[in-house]
Amino acid sequence: MKTFKNLLVFIIILLGASCDRSESTINESLSGGATTVDVDNSNAFSTPAPNLSSSELEKHGVGDEAFDATFVRAPASVNGGLGPIYNNVACINCHVKDGRGLPFTNGSIASLLFRISLPGSDEHGGPNPVPGFGKQLQVRALFGGTPEGDVTVLYIESPATYPDGTPYSLRVPSYTIKNAYQSLPGNAMTSPRFARPVFGLGLLEAISEGTLLSLADEDDRDENGISGKANYVWDAVHSKISIGRFGWKANQPNLRQQVATAYNQDMGVTSSLLLSESSSGQAYTDTLSDDPELPDEILDATTFYNQTLGVPARRNINNADVKQGQKLFLEINCAKCHIPRLQTGNLAGVSAVSHQTIFPFTDLLLHDMGEGLSDGRPDFLASASEWRTPPLWGIGLGEVVNGHTNFLHVGRARNIEE
């Protein structure tokens, strides 16, 4: 168990306690390059990148306000356009303090959403929407309306033991969609998705396509058992197929589209990028002629905010247990997917994240995680059991910021060990 505990300590302490900035380790300490922040309290995920100019900081602030803003029913003088069906009323309500939310709170969905689709694909090769439901289940509705349905979860404990006899238990979730406003087709596929932290995203967007493809090995030509591949998805910003890099299955190509989709699907707020209401085609839909409901300047500012949040510095890199854990991390090939060091290219209009050496511990590629983590639903080129490698930066501060240690795409893991 000693070697496992060393490895566990390394992963937990990737960004845990006090920061060490000696010359020999300065590069590894700067997880986000020049965007790195020395903050290890509850604001660790919410601090702007320190290399922003005064005008960029002002734009970041506008985006911060928009990210926190609560939307309401239209017509309204400010933040109108909510619904008529939706999952939440503000970005910050799912991405609590710019970090993770809780999947379920008091038995109700909190920061978990459910993507739904039918077998087949849409006109762009993406998931095939369910008639009357679209591609996401909206569990809330404006007063007088009807949500699309509700979801309950049942966790079953799956106990096992380590080779030395030490016991552990994993949770296996089972979800039930109930109270659907109309019959949900029997062949409908559902995929729970847990809200992730939003810091450092501009750096990931700035990594060149060439760099990502150089890390891919779909056919495992080097025969190391690891075969990461890129997802290619519809890019509505540029009206073409592009490499995916955001979302649990890398199904979004850029942050502007990621943000616009969240406004549209999570809150029912239209924008110039996504003009159609999420309730389009349903009996209970928005009949006002006020689209787009989100001004372009707010979409731009919210996108910029997501691009320019600072990355917490990596901690305790000279701790003996952490060093041993890092050695094991490399020996057992964790770093073949969780790539420690990457270089960003140029991200137009966001100089703060351009040309930075960063330590995100990800390759942004898809990997087959096995039947035990399959959601049964493909997403563009991602199969049901393929998921994007999540970055590991910041995980040591998750409990400090969000008060819990839930991980994986549905939050089923109660801690790093699970």
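Strand β9 (residues 150-161) and strand β10 (residues 167-178) run antiparallel to each other and are paired over 12 bridges; two strands count as paired if DSSP finds at least two bridges between them. The names used here follow DSSP runs, numbered from the N terminus, in which a helix (H or I) has at least four residues and a strand (E) at least two. At one end of this pair Thr161 stands opposite Pro167 in β10, and the two strands form a hairpin with five residues between them. Within that turn, Gly165 has a positive phi of about 95°.

The model described here is predicted, and for that reason local features need a pLDDT of at least 70 and side-chain atom pairs count only at pLDDT 80 or more, while totals for chains, interfaces and linings use all residues. Residues are numbered from 1 along each chain as its sequence is written, and side-chain values use heavy atoms, with hydrogens and water left out.

## A second hairpin and two positive phi angles

Strand β12 (residues 232-235) and strand β13 (residues 240-243) are also antiparallel, and four bridges join them. Asp235 has Lys240 of β13 as its bridge partner, and four residues lie between the two strands of this hairpin. Ala250, which lies in the loop between β13 and α7, is another residue other than glycine with a positive phi, near 50°.

Are Ser239 and Ala250 buried or exposed? Buried means under 20% relative accessible area, exposed means over 50%, and partly exposed covers the range in between, with a 1.4 Å probe and protein chains only. Ser239 counts as exposed because its relative accessibility is 53%, whereas Ala250 counts as buried because its relative accessibility is 1%.

## Nonpolar cores

A nonpolar core is a set of buried Ala, Val, Leu, Ile, Met, Phe, Trp, Tyr and Cys residues joined through side-chain atoms within 4.5 Å. The largest such core has 52 residues, and those that touch the most other members are Phe71, Leu82, Leu204, Ile207, Tyr263, Met267 and Trp393. The elements that give two or more residues to this core are α3 (54-68), α4, α5, α7 and α8, and the largest share, five residues, comes from α7. A second, separate core of 16 residues includes Val130, Phe133, Val151 and Trp387.

Tyr263 shows how parts of the chain meet: leaving aside neighbours within four places in sequence, its contacts (heavy atoms within 4.5 Å) include Ala66, Phe71, Cys91, Leu294 and Ile298. In helix α3, Glu56 is in contact with Asn51, Phe304 and Ser351, again leaving aside neighbours within four places in sequence. Glu56 is buried because its relative accessible area is 15%.

## Cavity and pocket

Both kinds of space are found on a 1 Å grid over the protein atoms alone: a cavity is a set of points where a 1.4 Å probe fits but cannot get out, a pocket is an open set with protein on both sides within 12 Å along at least five of seven lines, and lining residues have an atom within 4 Å of a point. Grid points are joined across faces, edges and corners, and a volume is the space filled by probe spheres set on the points. A search of the whole structure finds two cavities of 30 Å³ or more.

## Cis peptide bonds

The peptide bond from Ala74 to Pro75 is cis, with omega near 0°, and Pro75 lies in the loop between α3 and β2 (85-86). Asp291 and Pro292 are likewise joined by a cis peptide bond with omega of about 0°, and Pro292 is found in the loop between α7 and α8.
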